[in-house]
Amino acid sequence: MSFRLRVLGLLTLVALTATAATAWLTLRQANRQVQDTVSAGQQELSRIAGELRAYGFKHGTWDGLSPSVSTLAKDTGQRIRVVTETGVLLADSDILAGREPRPLNGRPPVLVDARPVLRLPAGQAPRISVKTAVAAIADYRSAAVYAACLTDAGTEVTARQDRLGIPRISTDHPPARCKKSPSGADPRTAQDVVVLRACESVRSLAPCLQRAFDERTASVAPARLEVSVGYRNESPPTLAPAPTVAVATGVALAAVLASLLLSRAVLRPVRAMTLAARGVGEGDLGRRVPVSGRDEIAQLGSAFNRMADSIQAGEERQRRLTGDIAHELRTPLANLRGYLEALRDGVVDPTPELLASLHEEALLQQRIVDDLQDLALAESGALTYHRHDVDLREILETSRTAHHAQAETAGIALDLEAPNQVYATGDPDRLRQALGNLIGNALRATGAGGTVTLALSPRGKQAVVEVRDTGKGIPAEDLPHLFDRFWRADPARGRATGGSGLGLAIVRQIVTDHGGSIDVRSTVGAGTTFTVTLPRLPESDGATAAGTRGREESGRSREVGQDLAEPPPSARR
């Protein structure tokens with residue numbers, strides 16, 4: 001993945017994680033506290049209503065309710081206001097606490113009914129349920145009156161529910177004025193029976209009996225209450241800061257950790273490249289940087305390694321070239337020096353044959369220097385080319401004619417296989433120079449009675465030129481070195497028989513500068529084939545160009561006065 005995308009993804013991930021974590025924590029905490037608040041409020045409200053109902057159930061009256069309200073207000077922290085259904089104020093926790101009553105919060109009050117809920121046996125016949133309910137009404141009237149009397153007298157009251165849910169009132173020291181009435185002694189029992197019997201024909205018997213029970217006991221039961229809890233503008237619950245601070249700290253640590261990892265990922269390869277660049281600058285050309293991945297940092301490391309490889313290879317080529325040149329020139333120059341000193345000292349006579357030999361040796365050294373100059377110019381891109389559309393068959397015919405005498409003298413057949421005209425764009429003089437080097441090498445590698453063939457054929461968008469010989473061939477292990485400078489397939493061959501060792505290097509550079517390629521195939525004892533592939537022009541374009549200017553420019557003078565149409569004898573394998 002791209003380094004830029006990794007950085008962007010990491011920062012985006014941190015930002016999204018921080019935002020999501022903060023939002024999640026805030027929402028979760030807010031929901032939890034709201035739920036806790038609502039739950040606590042409901043529990044407190046249920047507790048308040050339950051204790052108020054229990055008070056009315058136990059005492060049969062709301063007299064003496066204020067201390068219980070004060071206690072509930074302190075325990076729950078709520079403002080409690082208790083009134084009857086008719087609006088009679090029974091207790092207000094603010095008034096009881098000695099403060100100005102705060103306005104209510106507008107929530108609907110909670111109804112509290114102290115009357116018991118009948119628990120009639122299931123599966124009982126309607127008539128029996130009616131009789132049971134009549135008895136329960138009489139018992140509750142008696143219990144409510146008795147409990148209210150005890151409460152008014154200040155006596156401690158104890159209440160328990162019987163099997164029907166009716167309170168059973170008791171006390172340790174009942175006052176004389178409070179007498180417990182016997183069950184069923186109420187004179188209105190007959191009327192109760194009439195009212196309750198109306199429920200026998202109703203499908204929902206239990207609710208009907210409960211309604212009738214509430215109506216017949218309303219005169220003695222405590223009035224229903226309306227209980228209001230809370231006040232207006234009450235402070236809402238605040239979020240606890242600790243979890244938020246913890247998450248914020250965690251997100252900050254995650255961001256710092258991500259920054260450290262990012263800086264480490266960036267700085268480590270940069271530091272390695274700095275050390276390697278310093279080493280290369282100090283002359284250690286073997287320094288490289290480790291590369292992993294495919295992002296921009298990895299691409300930079302690969303580019304640095306390629307640069308270091310190129311510098312090292314160039315340095316090695318320069319050292320090798322210097323050594324090769326010194327090796328190639330040392331012996332012939334020593335020979336020339338020795339003969340010249342001998343001539344000066346009169347040791348040898350200056351015969352015409354000796355002077356001719358010395359002159360030929362000087363020419364050989366001049367050719368080596370010329371070849372080196374051509375190769376240096378070609379590799380640096382400074383070699384001048386006069387390009388135009390040329391007929392490759394014509395170049396092959398010219399090269400064959402130039403080497404025909406040499407081939408005939410050596411007893412070698414020099415054939416041409418070019419049935420069709422094939423056109424390309426290039427410098428005809430440079431192409432003849434390259435082709436002449438290949439032909440000269442083929443003639444020297446082929447014995448008497450052998451054949452050297454020049455072949456030309458179109459192949460798609462390419463023009464293919466082949467120079468084939470039937471010589472002794474080149475071993476497979478020597479093929480990769482053919483185009484190296486000063487390399488000879490036969491180390492025993494010298495400059496006089498084997499050339500300078502620069503010819504094929506020049507050929508490869510010329511072909512490469514023309515946008516082509518050169519390949520070699522060889523079989524020991526069978527021969528060698530050099531294949532040159534060049535971009536081919538369409539027949540119509542090539543024919544037009546050749547008809548107007550191709551033949552005229554093929555005989556133009558060479559660059560800087562050098563005649564390169566005929567390759568020098570020194571340009572050899």
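1. Ground rules. Because the model is predicted, local features need pLDDT of at least 70 and side-chain atom pairs count only at pLDDT 80 or more, while totals for chains, interfaces and linings use all residues. Residues are numbered from 1 along each chain as its sequence is written, and side-chain values use heavy atoms, with hydrogens and water left out.

2. Let's start with the open antiparallel sheet, whose four strands run in the order 2-1-6-3. Helices (H or I, at least four residues) and strands (E, at least two) are DSSP runs, numbered from the N terminus, and two strands pair if DSSP finds at least two bridges between them. Strand 2 (89-92) and strand 3 (110-112) sit at the edges with a single partner strand each, so one side of each has no neighbour in the sheet. From one strand to the next, the twist averages 20°; axes are lines fitted to C-alpha atoms, for helices over the stretch in contact, and angles run from 0 to 180 degrees between N-to-C directions.

3. A closer look at strands 1 and 2. Strand 1 (residues 80-84) pairs with strand 2 in the antiparallel sense over three bridges. V83 has L89 in strand 2 as its bridge partner. Helix 2 (residues 66-76) packs on this sheet, touching strand 1 and strand 2, where contact means heavy atoms within 4.5 Å. The direction of helix 2 makes about 150° with that of strand 1.

4. Another open sheet has five strands in the order 8-10-11-13-12, and its pairing is mixed. Strand 8 (413-417) and strand 12 (517-523) are the edge strands, each pairing on one side only. Strand 8 and strand 10 (residues 451-459) run parallel and share five bridges, and E417 stands opposite A455 in strand 10. Helix 10 (residues 392-409) lies across strands 8, 10, 11 (462-469) and 13 (527-535), at about 170° to strand 8.

5. Helix 10, helix 11 (428-445) and strand 13 each give two or more residues to the lining of the largest cavity, with the largest share, four residues, from helix 11.

6. The aromatic pair. Y140 and F213 have ring centres 5.8 Å apart and planes at 55°, so the pair is tilted. Rings of Phe, Tyr and Trp (its six-membered ring) pair if their centres lie within 6.5 Å; planes under 30 degrees apart count as stacked, over 60 as edge-to-face and the rest as tilted.
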